[in-house]
Amino acid sequence: MFATIKAKGCKVQIVTEHNHRTLNVERVIETYKNHFVSVLHGTDSNFPVHLWCRFLPQVNIQVNLLRQSRINPKRSAYEEL
């Protein structure tokens with residue numbers, strides 16, 4: 001399998017088992033979940049659960065404003081969108 005990957009010009013990065021911190025997607029999901037939970041903690045304790053979905057567009061904007069762009073590191077991801 002490694003020969004096929006190298007023949008196609010791809011790079012291989014071997015990590016230890018159960019080490020999900022190296023995957024960018026895992027980090028993005030963790031960051032999004034943490035931010036969403038912090039937004040929910042800022043609401044009233046009696047806020048209806050069925051309205052939580054209304055927060056998603058605003059949370060997307062906030063996370064992209066805080067996140068650095070991969071295309072141009074001097075800009076936010078929101079500016080790139």
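1. Let me start with the charged pairs: the count comes to 2 salt bridges, a salt bridge being a side-chain nitrogen of Lys or Arg within 4 Å of a carboxyl oxygen of Asp or Glu. Please keep in mind that this is a predicted model, in which local features need pLDDT of at least 70 and side-chain atom pairs count only at pLDDT 80 or more, while totals for chains, interfaces and linings use all residues. Residues are numbered from 1 along each chain as its sequence is written, and side-chain values use heavy atoms, with hydrogens and water left out.

2. One of the salt bridges joins the side chains of Arg27 and Glu30, at 3.4 Å from N to O. Both residues lie in helix H2, 3 residues apart, about one turn of the helix. Helices here are DSSP runs (H or I, at least four residues), numbered from the N terminus. Arg27 has 34% relative accessibility and counts as partly exposed; Glu30, at 31%, also counts as partly exposed. For these labels, buried means under 20% relative accessible area, exposed means over 50%, and partly exposed lies in between (1.4 Å probe, protein chains only).

3. Arg75 and Glu80 form a salt bridge too, with their closest N and O atoms 3.5 Å apart. Arg75 is partly exposed at 35% relative accessibility, and Glu80 is partly exposed at 27%. As background, side chains of opposite charge can pair when their charged atoms come close.

4. Now to the helix packing. Helix H2 (residues 24–41) packs against helix H3 (residues 56–66) at an angle of about 125°, and their axes are 10 Å apart. The axes are lines fitted to C-alpha atoms over the stretch in contact, with angles running from 0 to 180 degrees between N-to-C directions. H2 and H3 are therefore oblique to each other; angles under 35 degrees count as roughly parallel, over 145 as roughly antiparallel, 65 to 115 as roughly perpendicular and the rest as oblique.

5. Which residues make the contact between the two helices? H2 contributes Tyr32, His35, Phe36 and Val39, and H3 contributes Leu56, Val59, Asn60, Gln62, Val63 and Leu66, where contact means heavy atoms within 4.5 Å. By class, the contact of H2 with H3 has 7 nonpolar, 3 polar and no charged residues. In this scheme Ala, Val, Leu, Ile, Met, Phe, Trp, Tyr, Cys and Pro are nonpolar, Asp, Glu, Lys and Arg are charged, and the others, Gly among them, are polar.

6. His35 is worth a look of its own. This residue of helix H2 is buried, with a relative accessible area of 18%. Neighbours within four places in sequence aside, His35 is in contact with Val59, Gln62, Val63 and Leu66.

7. Leu40, also found in helix H2, counts as buried at 15% relative accessibility. Not counting residues up to four places away in sequence, Leu40 touches Trp52 and Phe55.

8. Leaving aside neighbours within four places in sequence, Asn64 is in contact with Ser76, Ala77, Tyr78 and Leu81.

9. Finally, Glu79 is found in helix H4 (residues 77–80). Glu79 is partly exposed, with a relative accessible area of 47%. The C-alpha atoms of Glu79 and Phe36, 43 residues apart along the chain, are 21 Å from each other.
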